Amino acid sequence: MNTVKGSIVKAVAGREKNGFFVVLSCDSMFAYIADGKRRKIEKPKKKKLIHISPTGTVIEGSIKTNPQIRKILSDFRKSEG
């Protein structure tokens with residue numbers, strides 16, 4: 001699984017199942033993800049890499065605010081159909 005900082009992922013397990021998130025940071029076992037609403041930048045969700053699925057979309061530039069994450073994810077959902 002190739003999960004990198006700034007990528008959009010889909011949760012495949014847990015309470016967040018089927019939700020889309022942005023990866024804020026990642027190590028060998030966990031990804032720290034946020035959606036700007038329930039999971040904010042200030043306190044991201046720590047999720048095992050096996051419980052997320054990469055969508056193949058990587059965000060260019062830096063992510064600094066929760067409204068920015070919400071806008072990115074909203075645009076992504078619209079483009080997915």
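This tour goes from the whole chain to its helix, its cores and a few single residues. The model is predicted.

**The whole chain**

Expect one helix and five strands. From the N terminus on, the order is β-β-β-β-β-α. The radius of gyration is 11 Å, close to the 12 Å that the globule rule gives for 81 residues, so the chain is as compact as a globular protein of that length. Along its principal axes the C-alpha trace spans about 30 × 25 × 25 Å. Of the 81 residues, 33% count as buried. Now think about contacts between residues at least 6 apart in sequence: 47% of them join residues at least 24 apart.

**Helix H1**

Select residues 66–80, which form helix H1. H1 has 15 residues. From its first C-alpha to its last it reaches 21 Å, close to the 21 Å expected at 1.5 Å a residue.

Show side chains on H1. Which residues of H1 are buried? They are Asn66, Ile69, Ile72, Leu73 and Phe76. These residues cover an arc of only 125° around the axis, which puts them on the same side of H1. Turn the view to the face directed away from that buried side. There you will find the exposed residues Lys71, Lys78 and Ser79.

Next, look at both ends of H1. Thr65 caps the N-terminal end, with a side-chain oxygen 3.2 Å from the backbone nitrogen of Gln68. Just after H1, pick Gly81, which takes a positive phi of about 110°.

**Asn66, in the helix**

Stay with H1 and centre on Asn66, which has its place in this helix. Asn66 counts as buried because its relative accessible area is 9%, under the 20% cut-off. Draw a distance from its side chain to the backbone nitrogen of Ile41: the value is 2.9 Å. Beyond its neighbours up to four places away in sequence, Asn66 touches Gly36, Lys40, Ile41 and Glu42.

**The nonpolar cores**

Select Ile8, Phe20, Val22, Leu24, Ala34, Ile59, Ile69, Ile72, Leu73 and Phe76. Together these 10 residues make up the largest nonpolar core. Strand E2 (20–26) and helix H1 each supply at least two of its residues. Which element gives the largest share of this core? H1 does, with four residues.

Zoom in on Ile59. Leaving out residues up to four places away in sequence, Ile59 touches Gly6, Ile8, Val22 and Ile72.

Now colour a second, separate core of eight residues. Among them are Phe21, Ala31, Ile33 and Leu49.

**Ser7, in strand E1**

Go to Ser7, in strand E1 (residues 7–11). Is Ser7 buried or exposed? Ser7 counts as buried because its relative accessibility is 4%. A polar atom of its side chain lies 2.7 Å from the backbone oxygen of Val4. Display the residues around it: apart from those up to four places away in sequence, Ser7 touches Phe21, Val22, Val23, Thr57 and Val58.

**Glu60, across from Ser7**

Glu60 counts as exposed because its relative accessibility is 71%. How many residues apart in sequence are Glu60 and Ser7? The answer is 53, while their C-alpha atoms are 9.1 Å apart in space.

**The loop between E1 and E2**

Finish in the loop between E1 and E2. Pick Lys17, which is found there. Lys17 counts as exposed because its relative accessibility is 52%. Setting aside neighbours within four places in sequence, Lys17 is in contact with Ala11 and Val12. Draw a line from Lys17 to Asp27, 10 residues apart along the chain. Their C-alpha atoms are separated by 21 Å.

Then select Asn18, which lies in this loop too. Asn18 has a positive phi of about 70°, although it is not a glycine. Most residues other than glycine have a negative phi.

Definitions and conventions: Residues are numbered from 1 along each chain as its sequence is written. This is a predicted model: local features need pLDDT of at least 70, side-chain atom pairs count only at pLDDT 80 or more; totals for chains, interfaces and linings use all residues. Side-chain values use heavy atoms; hydrogens and water are left out. Buried means under 20% relative accessible area, exposed over 50%, partly exposed in between (1.4 Å probe, protein chains only). A polar contact is a pair of N or O atoms within 3.5 Å; within protein, one must be able to donate a hydrogen and the other to accept it, and residues adjacent in sequence count only if both atoms are side-chain atoms. Contact means heavy atoms within 4.5 Å. A nonpolar core is a set of buried Ala, Val, Leu, Ile, Met, Phe, Trp, Tyr and Cys residues joined through side-chain atoms within 4.5 Å. The expected span of a helix is 1.5 Å times one less than its number of residues. The arc is that of the directions from the helix axis to the C-beta atoms. The radius of gyration is taken over C-alpha atoms; the globule rule is 2.2 Å times the number of residues to the power 0.38.
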